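Dear colleague,

Please find the structure below, together with its sequence.

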Amino acid sequence: MSQASMVNIRINGTPLQVPMGEKVIESARRIGVDIPFFCYHPRLSAEAGANCRMCLVEAGFVGADGSVRMMPKPQTSCSLPASEGLVIETETPLVVEARRGVLELLLINHPLDCPICDRGGECPLQNNTLHYGPRTSRFVEEKRHFPKAHPLSEHVVFDRERCIHCARCTRFTSDISGDSQLGFLKRGADMEVNTFGASAYESRFSGNVIELCPVGALLSRDYRFRGRPWDLLTQESICTRCSNGCNIKIDHRAGRLVRVSARLNEAVNEEWTCDRGKFGMGYVNAGNRALRPLLRGEEGLREARWEEAMEEVARRLREADGAAAGVGGASLPNEDLYVWQRLWREAVGSRHLDHRMGPRFEPVAEDPIAWLAHHSMGMSIADLERARAILVIGSDLVDEQPIVFLRVRKAWRTCGTRVVELRPAASGSDAGSGHVRDFAALSARYRPGSEAALVRGILAAMGEEALLGSSASDALRTAMQGWTPERAAEECDLAGETIRAAARLLAPDGLAVIAGRELTHQAHAPQALAVLDDLLAITASAGNLAVPVGEVNAQGAMDLGILPDIGPAYTKLDRSGNSAQRILEAAGRGEVPVLWLMGVDLLNAFHDRALADRALRRCPFVVYAGHFLDETAARAHVVLPLQTSVERDGSFTSCERRVQRFQRAFQVSPEVRPGWLVCGDLAARLGVPMRYATARDIQTEIARTVPIYAECTPAALGDHGVRWALPSDSGPAAGASERPAGRAEA
Amino acid sequence: MAERLLLLEHRNVDGIDQIDTYEMRGGYEGLRRAVGMDRQAVIDEVKASGLRGRGGAGFPAWIKWNSIPKDRSRPHYVICNADEGEPGTFKDRELMVRLPHMVVEGIAIAAYATQAERAYIYIRGEFVEAALSIRRAVDEAYERGYIGRAVLGRADFCFDLFVHMGAGSYECGEESALMSSLMGERGQPRLKFPHAPLPVIEGLWGAPTLINNVETYACVPHILRNGGAWYATMGTKGSTGTKIMSVSGHVARPGNYEVEMGTPLLDLLDLAGGVTGGALKAVIPGGSSVPILPADRCAGVNLDFESCQAAGTMLGSGGCMVFHDRTDIVALMRRTAQFYAHESCGKCAPCREGTRWILQVLDRITAGGGRNSDIDLLSSICDQIDGRSYCALGDAAAWPIRASIKHYRHEYEHWIAHGRSPVGDAFVPPVPRRNPRAHTLSRA
């Protein structure tokens with residue numbers, strides 16, 4: 001807002017300067033003047049707001065002669081823009097009376113069943129009533145009555161009696177998630193929030209409306225009647241359900257996770273969560289958690305003491321003599337991965353380490369930075385807002401990367417970013433609303449496998465229509481490689497005009513490309529990504545390629561060298577080991593004496609289940625270190641129960657290379673250990689002592705020894721993490737260019 | 001004083017709703033004159049006429065016309081508000097049914113003056129007859145080249161006129177809610193100045209939009225044909241021209257009467273044949289939203305914006321409702337409150353909750369369950385709505401109740417004390433409402 005012109009206003013006699021057009025309710029906050037509200041929310045449209053009338057203030061203007069003319073009616077400060085000479089009074093008798101009146105009206109039909117309401121204790125209606133409301137009610141008529149629990153979706157229950165019709169939930173679905181699932185039906189005192197035709201509320205972000213609701217009208221099915229907010233303990237944490245790195249708060253009680261809510265981080269999730277995260281952290285207390293070490297005996301797996309299990313594993317690793325292999329790790333924190341790879345490379349003496357589950361296992365060491373550019377995000381999530389155009393290719397983004405999706409949608413809605421969606425025909429089901437195609441300027445389906453031709457066609461169209469500056473023409477001619485839009489159209493099974501339209505939307509510069517699974521999981525992905533690189537280079541947007549990883553810490557696994565041919569920070573190893581594919585093939589032939597599975601349900605995660613199955617069958621000693629007694633754990637010879645992120649300290653690296661820490665919330669069982677402790681213990685048993693007492697020790701060591709994490713010290717990580725920068729971040733990328741090379745951004 | 005027929009002069013002429021007859025009586029002369037003039041000259045003519053909006057607020061029409069940006073960087077729109085829903089008002093309906101071409105001509109002149117490329121006439125959903133009449137008139141005007149490409153040979157004047165029917169909501173007569181509805185959204189009001197730009201800057205689809213009432217547009221052809229100065233000779237200094245008053249209630253000849261602004265209210269009642277069935281008790285001069293005027297205050301009140309205001313009421317939309325002395329004011333207010341509770345759009349808390357509460361209290365009083373504190377309670381609820389609701393519907397719901405308490409407090413007290421009507425046998429009990437508790441969720 002620095003460019004916005006400033007205006008002089010006066011609030012309760014205090015003069016202040018604020019940006020022109022700022023809502024008065026925000027201006028008041030600058031000088032600590034509290035204005036109560038229900039419907040106002042800075043991220044939701046003001047047009048459908050200003051309806052609760054709680055934030056009424058008296059407003060007036062200073063005239064030319066210096067006198068103040070007050071407006072005859074009180075005004076809603078949530079929608080009133082600041083302008084020169086505005087005078088605001090927030091504590092006059094009229095305002096006090098107006099607030100009291102609004103609260104009385106809001107409460108006449110509110111059931112006041114606060115003792116059994118989930119919101120009780122953290123309810124804006126309760127709080128505002130305490131401070132501004134009437135002491136008693138004069139309402140003697142019958143209140144409105146409705147069924148108490150109206151099921152809106154599989155996660156959200158609606159209590160219509162409590163609703164104060166603030167339109168926060170309806171605006172969320174139309175403004176933020178874009179699925180427009182909730183709206184108002186009927187009118188006047190009969191008005192109700194509902195879905196169209198009372199169908200189910202289908203959204204990937206439905207949980208947010210529970211947090212937005214200023215009363216206990218929208219409730220979580222999981223949390224309903226499960227606790228009082230003042231009985232819960234809260235721990236700041238990071239969501240583990242995908243790689244976006246949402247900042248969350250975990251509310252827990254007596255060793256059980258009770259609910260998850262969003263934690264503000266403007267750079268990542270703002271204040272949103274997706275349903276997968278908000279309702280998907282229950283695995284922490286799931287019945288299939290591994291809670292004790294297990295050893296395979298005569299009659300299958302039996303409970304064992306840690307000492308016994310560790311000694312057995314150490315013996316096997318010693319015997320394996322460097323032929324042991326490790327697979328997995330993408331779901332575990334950085335500290336575990338760092339110590340694990342040290343254990344493997346220094347104590348076990350094995351080079352066979354890989355976190356990838358396929359189908360692609362290309363060598364990394366030849367050009368690690370180029371490889372990384374095709375396996376990570378070139379720009380940050382927040383940078384998407386600065387792109388002039390975004391190409392989403394081969395991805396059902398809302399499903400794959402929900403928070404990246406919200407940012408793309410925000411860019412489109414608030415910055416006017418043009419969005420083009422290209423996906424292979426017959427790609428997975430994407431029924432319903434709330435997808436990229438709903439707001440994309442162009443959405444098309446190409447013949448699977450024709451991505452390279454498609455992008456060359458777009459480049460050719462850019463050339464033909466002279467959409468780019470003359471400086472790009474040579475590079476363009478090279479990149480076109482003799483393609484024409486029409487030839488590409490035939491190849492891709494699209495209309496030539498579609499390709500030309502895409503070219504017009506994506507040119508000339510400030511482009512960002514997001515490539516998803518439907519592209520990156522194909523064998524020809526390297527060629528297609530190379531052409532996308534050409535597209536970005538020619539549109540002066542080099543480096544703006546986003547290939548977000550899938551699993552929560554797959555990025556950290558890459559950074560810390562859980563790969564066969566590179567070590568931490570993408571340093572080449574003298575001799576490379578086997579990829580996960582090779583490891584399992586060797587194990588399938590019985591050539592791997594010890595197979596260590598790190599937090600991975602191999603049978604269900606690996607791209608080739610038959611191969612995984614064969615490997616598990618033929619390997620003489622399978623170590624499973626992880627959270628669950630899943631299908632794979634049941635086939636292991638030893639199960640080492642590891643703590644989840646909720647039970648311990650640590651850090652994850654999100655898909656945009658943001659290192660974010662989390663801290664222990666509660667303990668599930670004293671028999672469950674953090675992965676780094678298990679790996680360090682084993683290393684000591686193998687004669688390489690590693691003296692780590694806490695996760696913080698390891699974070700400090702990582703910052704010291706891994707150059708790319710040099711700024712990710714425990715102190716610097718703070719509440720919002722640190723994003724480590726690629727050398728290419730200094731390139732001419734749109735938006736990303738303000739950051740100097742090699743520097744981390746807080 | 002007699003009627004002063006200007007708009008309604010030819011209302012009984014056979015076939016005046018057809019273009020030939022209308023043209024023979026001087027129709028579209030105003031448009032021809034306008035198109036021959038500079039656009040600004042047309043606006044100046046309207047300014048000279050002193051024409052004030054006939055929808056109820058009485059805002060000077062020319063200021064709106066003149067505020068439309070003079071450049072065409074964005075499309076301009078003209079809207080005719082024909083969502084005449086104010087109880088007691090039925091002037092626009094008659095204009096549209098009988099004199100549709102006058103309305104179309106007025107809109108065309110406005111479109112010319114404001115360089116609009118599209119005009120919409122938003123007709124109340126129940127006005128099927130009016131909509132048919134307007135639609136026929138629009139078709140005829142297209143054929144004659146008064147609407148469409150290069151109107152009257154002026155290549156720079158092209159506009160289309162669309163007829164849009166509402167779906168039955170009083171709120172959609174509020175200009176911003178009307179625009180929401182026209183844009184396909186829920187019929188709820190939008191932010192207004194100073195919270196958002198005026199419609200003349202950002203109205204329909206964010207483009208400059210002129211919105212006026214049917215009667216306002218109907219005045220325009222006469223102003224253009226005879227000159228603004230001539231028009232201003234009629235009426236009073238502050239309220240020029242004529243006003244169509246819809247007289248209803250306990251009068252011998254209810255109907256629309258066109259009088260000069262400033263005509264005494266009691267003269268209007270005489271024009272309508274005088275009060276029947278008893279002596280005059282009260283008049284609501286400008287539609288159900290305006291404060292009620294007891295008989296003893298009617299003398300000296302003239303039908304212009306200023307005089308009505310001075311008398312503590314408003315000229316409003318000209319829906320003049322007359323009540324004889326056997327009218328139960330509390331029952332009248334209960335019926336009024338029922339209307340506003342039914343028509344509240346539900347957007348803002350004061351109106352949504354307050355209008356229903358007023359009705360519930362009045363229901364209880366007229367069912368014999370009144371309490372002594374109820375009168376103060378009603379006043380207090382009115383205070384909580386008035387000036388604090390999102391749009392003027394809340395104010396309109398509060399004013400009549402408050403005025404009725406001011407002038408007829410004794411009738412409320414009688415109801416509360418005795419549980420029955422002060423007018424005795426003349427009281428007609430209200431039609432029972434549907435059980436207000438019979439709310440069920442659509443998908444229970």
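**Chain B as a whole**

Chain B has a radius of gyration of 22 Å, which agrees with the value near 22 Å that a compact globule of 444 residues would have; the radius is taken over C-alpha atoms, and the globule rule is 2.2 Å times the number of residues to the power 0.38. Please note that this is a predicted model, in which local features need pLDDT of at least 70 and side-chain atom pairs count only at pLDDT 80 or more, while totals for chains, interfaces and linings use all residues. Residues are numbered from 1 along each chain as its sequence is written, and chains are lettered from A and ligands numbered from 1 in the order in which they are written.

Along the principal axes, the C-alpha atoms of chain B fill a box of roughly 70 × 55 × 35 Å. Chain B contains 16 helices and 9 strands (DSSP runs numbered from the N terminus: H or I of at least four residues for helices, E of at least two for strands). Of its 444 residues, 56% count as buried, that is, with 20 or more other C-beta atoms within 10 Å of their own, C-beta atoms being placed from the backbone. Among contacts in chain B with a separation of 6 or more, 71% join residues 24 or more positions apart (a contact requires C-beta atoms, placed from the backbone, within 7 Å).

**Helix packing in chain B**

Helix 6 (residues 100-114) and helix 7 (residues 128-144) of chain B pack at about 60 degrees, with their axes 9 Å apart; axes are lines fitted to C-alpha atoms over the stretch in contact, and angles run from 0 to 180 degrees between N-to-C directions. The residues in contact include Val103(B) and Val104(B) of helix 6 and Ile134(B) and Ala137(B) of helix 7.

**Helix packing in chain A**

In chain A, the axes of helix 12 (residues 451-464) and helix 15 (residues 496-506) come within 8 Å and cross at roughly 70 degrees. That makes helix 12 of chain A roughly perpendicular to helix 15 of chain A. Gly457(A), Ile458(A), Ala461(A) and Met462(A) of helix 12 meet residues of helix 15 that include Ile499(A) and Arg500(A).

**Between the chains**

Contacts link 38 residues of chain A with 32 residues of chain B. On the chain A side, helix 2 (residues 93-108) gives the most, with 6 residues.

With kind regards

Terms used. Two residues are in contact if their C-beta atoms, placed from the backbone, lie within 7 Å. A residue is buried if 20 or more other C-beta atoms lie within 10 Å of its own, exposed if 12 or fewer, and partly exposed in between; C-beta atoms are placed from the backbone. Angles under 35 degrees count as roughly parallel, over 145 as roughly antiparallel, 65 to 115 as roughly perpendicular and the rest as oblique.
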